[in-house]
Amino acid sequence: MKKIAVIGAGNLGISIIEGLLKNNAFEAKQIIATRNNLAQLEHLGKQGVTLTNDNHAAVSEADYVLLCVKPYKVEEVLTQLKNDFNTDKLVISVATGISLETYQKLLPENMSIFRAMPNTAASVEESITCICGNTSSQTLVNEVKTIFNPIGETVVINEELMNAATVVGACGIAYVLRFIRAMIQGGIEIGFDAQTASKIVTQTVKGAAELLIVNGLHPEQEIDKVTTPKGCTIAGLNEMEHQGFSSALIKGIKTSFEKI
């Protein structure tokens, strides 16, 4: 029974663990979570997850090491832990902007290393996770997928696209939530109470996403189905475009990408 150590279990690490537990992909006793402030992981401990602030012990016991520390902490943490790794362990990092080449310099030679970019929807098993690795072994790729498939969808991409995947897939959660918030605010302004507006908007957004997933059509094809001549939908869409809706979103995505 293989174990996974989640090193630096912050919001994303917690989301991944919660998703794995909900999906029964790993039993709680197979998961080790580390963090300086263990009180913030108490709810996971109550479910049977092993909690520790000893990264050395966690790595030593694990078969999979999921590195969830902040990018600026990666070098420090891996330098401290280097002697705890061996080639039998599979290292997966979700730190933004750190290349596979950098990890190879910080870890022992011939280690299998992957980068992964899930998002916080992992906690409800709806993440999209992009992965890339320093190996072409399909067996190892499949092992990484066994960790992330239970918490959503997994896509294998080239490493040069990982920063773009971070922006669209991980930062994208915040973009969509901000859009949802604005729709709720608009709903309140035209007469709904906050609770009703929230229910209508969230289900509408969920339905829109399902239309694209199930039907496999371009968004404009689905938009055409609800825009009638001289109708209220096209009038609203055109006003949003006049106010720079699409342009602002694209500029925001590009700004996040440049920040990485």
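Helices (H or I, at least four residues) and strands (E, at least two) are DSSP runs, numbered from the N terminus. The structure is a predicted model, in which local features need pLDDT of at least 70 and side-chain atom pairs count only at pLDDT 80 or more, while totals for chains, interfaces and linings use all residues. Residues are numbered from 1 along each chain as its sequence is written, and side-chain values use heavy atoms, with hydrogens and water left out.

**Exercise 1. Describe how strand β4 is covered and which strands pair with β4.**

Step 1. In a regular strand the side chains alternate between the two faces of the sheet. In β4 (residues 64–67), Y64 and L66 are on one side and V65 and L67 on the other, and all of these residues are buried.

Step 2. Two strands pair if DSSP finds at least two bridges between them. Strand β1 (residues 4–7) runs parallel to β4 and is joined to β4 by four bridges, with I7 standing opposite L67.

Step 3. Strand β5 (residues 90–93) also pairs with β4 in the parallel sense, over four bridges, and here Y64 stands opposite L90. From β4 the chain crosses through helix α4 (residues 74–81) to β5 in a right-handed β-α-β crossover, where right-handed means that, with the strands pointing away from the viewer, the path from the first strand over the helix to the second runs clockwise.

**Exercise 2. Work out which residues of helix α4 are buried and what they pack against.**

Step 1. V74, V77, L78 and L81 are the buried residues of α4. Seen down the helix axis, they fall within an arc of 90° (taken from the directions from the axis to the C-beta atoms), so they line one face of α4.

Step 2. An α-helix has 3.6 residues a turn, so residues three or four places apart point the same way. On the other side of α4, E75 and T79 are exposed.

Step 3. With contact taken as heavy atoms within 4.5 Å, the buried residues of α4 pack against β1, α3 (55–61), β4 and α5 (100–106).

**Exercise 3. Follow the sheet from β5 to β6 and on to β7.**

Step 1. β5 and β6 run parallel and are joined by four bridges, and V91 has I113 in β6 as its bridge partner. Together, β5, α5 and β6 make a right-handed β-α-β unit.

Step 2. In strand β6 (residues 112–117), six of six residues are buried: S112, F114 and A116 point one way, and I113, R115 and M117 the other way.

Step 3. With strand β7 (residues 127–133), β6 pairs in the antiparallel sense over four bridges; the bridge partner of M117 in β7 is C130.

**Exercise 4. How many aromatic pairs does the structure hold, and how is each one arranged?**

Step 1. Rings of Phe, Tyr and Trp (its six-membered ring) pair if their centres lie within 6.5 Å; planes under 30 degrees apart count as stacked, over 60 as edge-to-face and the rest as tilted. The structure holds two such pairs.

Step 2. F26 and Y64 have ring centres 6.5 Å apart and planes at 80°, so this pair is edge-to-face. The pair links distant parts of the chain, with F26 in the loop between α1 (11–22) and β2 (31–34) and Y64 in strand β4, 38 residues apart. F26 is buried at a relative accessible area of 7%, and Y64 is buried, also with 7%.

Step 3. F179 and F245 form a tilted pair, 6.2 Å centre to centre with 55° between the planes. F179 lies in helix α7 (residues 162–189) and F245 in helix α11 (residues 245–259), so the pair ties together parts that are 66 residues apart in sequence.

Technical notes: Buried means under 20% relative accessible area, exposed over 50%, partly exposed in between (1.4 Å probe, protein chains only).
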